[in-house]
Amino acid sequence: MKFRQIRSATSIVTFGGRRFLIDPMLSPANTYPPVPDAPVSGQGNPTYDLPCEVETLFDVDAIIVTHWHFDHFDDLAMKILPKNHPLFLQSEEEAALAAEKGFTDTRILAEEGSAFFDVFLYKTPCDHGRTDPVTLRAYREMGITEKASGVVFASHREKSAFYLAGDSVYFPGIDDTIEKFAPQVIAVNAAGAQYPLGHPILMNQYDILALMRAHPDPDVIATHVDGVSHATVSRTLLRQSRQDRDLEKLHIPDDLEELHF
């Protein structure tokens, strides 16, 4: 398999002979204002420009949107992505929203697995602040969902599963998923984002450390690090943590860097 970091949560995963565009946030820097009532690491969102020509991201077999937040599926992506590409979403509700935007091949991620050629995609649980009453209230006031999902990729063409943990703090559902599927590569969204201030909704460097101590065998990719205004973790900070903790299996790719496993 291959994992190519694009920007923030946006990446391209090559698995089982198929290419998947993950969580496309394609807008130029500062298209959106900073996330309110949260840490501020930039003047707006995204905090910097896409590092490649947007059209180069269209050469994929399918698109996966883990949840309907602007930093995972923004207005520009909804406008310019090819409407006939298979688009996997976490729910019927979000599939209906995508259909309203003109997407003609919407598919639902399922816990029991969704087949795509030689690849099976399994929807996995996340805690993106859904158990924090303060965050939950803030989501509802903003009119956005608290629901988010991860995805496990499995295929007879690969030696092991790949686990895209999605927007989540470290919670027992992640341990359960790792124990069930035994992935040898795990990508974690690690910006340490908070919403509102002081209320984590993504993993930070300490969550990664705890995960890797509990599950020392898999390689771990830190994605969704820079690029959003409510982040508290940078690549520089993570690399220092990796060095301090001797986390040899932690990978922190630069934008446009491709990792091969």
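Ala222 touches Val188, Ala190, Ile208, Leu238, Leu250, His251, Ile252 and Pro253, leaving out residues up to four places away in sequence; contact means heavy atoms within 4.5 Å. This is a predicted model, in which local features need pLDDT of at least 70 and side-chain atom pairs count only at pLDDT 80 or more, while totals for chains, interfaces and linings use all residues. Residues are numbered from 1 along each chain as its sequence is written, and side-chain values use heavy atoms, with hydrogens and water left out.

Ala222 is also one of the residues with the most contacts inside the largest nonpolar core, along with Val188, Ile208, Leu211, Leu238 and Leu250. That core has 24 residues. A nonpolar core here is a set of buried Ala, Val, Leu, Ile, Met, Phe, Trp, Tyr and Cys residues joined through side-chain atoms within 4.5 Å. Buried stands for under 20% relative accessible area, exposed for over 50%, and partly exposed for values in between, with a 1.4 Å probe and protein chains only. Two or more core residues come from each of α4 (172-181), β11 (185-189), α5 (205-214) and β12 (219-223). The element that gives the most is α5, with four residues. Helices (H or I, at least four residues) and strands (E, at least two) are DSSP runs, numbered from the N terminus.

Two of these elements, β11 and β12, belong to an open sheet of seven strands with mixed pairing, in the order β7-β8-β9-β10-β11-β12-β13. Its edge strands are β7 (114-116) and β13 (250-251), each of which pairs on one side only. Two strands pair if DSSP finds at least two bridges between them. Helix α4 packs on the sheet, where it touches β8 (119-125), β9 (149-154), β10 (162-164) and β11, and its direction makes about 150° with that of β8. Axes are lines fitted to C-alpha atoms, for helices over the stretch in contact, and angles run from 0 to 180 degrees between N-to-C directions.

β11 runs parallel to β12, with five bridges joining them, and the bridge partner of Ala187 in β12 is Ile221. β11 also pairs with β10 in the parallel sense, over three bridges; there Tyr163 stands opposite Ile186. In a regular strand the side chains alternate between the two faces of the sheet. In β11, Val185, Ala187 and Asn189 point one way and Ile186 and Val188 the other way. Five of the five residues of β11 are buried.

A further open sheet of seven strands has the order β6-β5-β4-β3-β2-β1-β14, again with mixed pairing. Because β6 (106-108) and β14 (258-260) stand at the edges, each with a single partner strand, one side of each is left without a neighbour in the sheet. From one strand to the next, the twist averages 25°. Within this sheet, β2 (residues 10-15) and β3 (residues 18-22) pair in the antiparallel sense over five bridges, and Ser11 has Ile22 of β3 as its bridge partner. Helix α2 (residues 92-100) lies across β5 (87-89) and β6, running at about 175° to β6.

Helix α1 (residues 75-80) contains Ala77, which is buried at a relative accessible area of 0%. Beyond its neighbours up to four places away in sequence, Ala77 touches Pro24, Leu26 and Phe103.

Pro86 is placed in the loop between α1 and β5 and is buried, with a relative accessible area of 11%. Leaving aside neighbours within four places in sequence, Pro86 is in contact with Asp61, Ala62, Ile63, Asp105, Arg107 and Phe116.

The structure holds zero disulfides, a disulfide being a pair of cysteine sulfur atoms within 2.5 Å. Cys52 is buried at a relative accessible area of 17%, and Cys126 is buried at 5%.

For the protein as a whole, there are six helices and 14 strands, and 56% of the 261 residues count as buried. Residues 24 or more positions apart account for 64% of the contacts with a separation of 6 or more.
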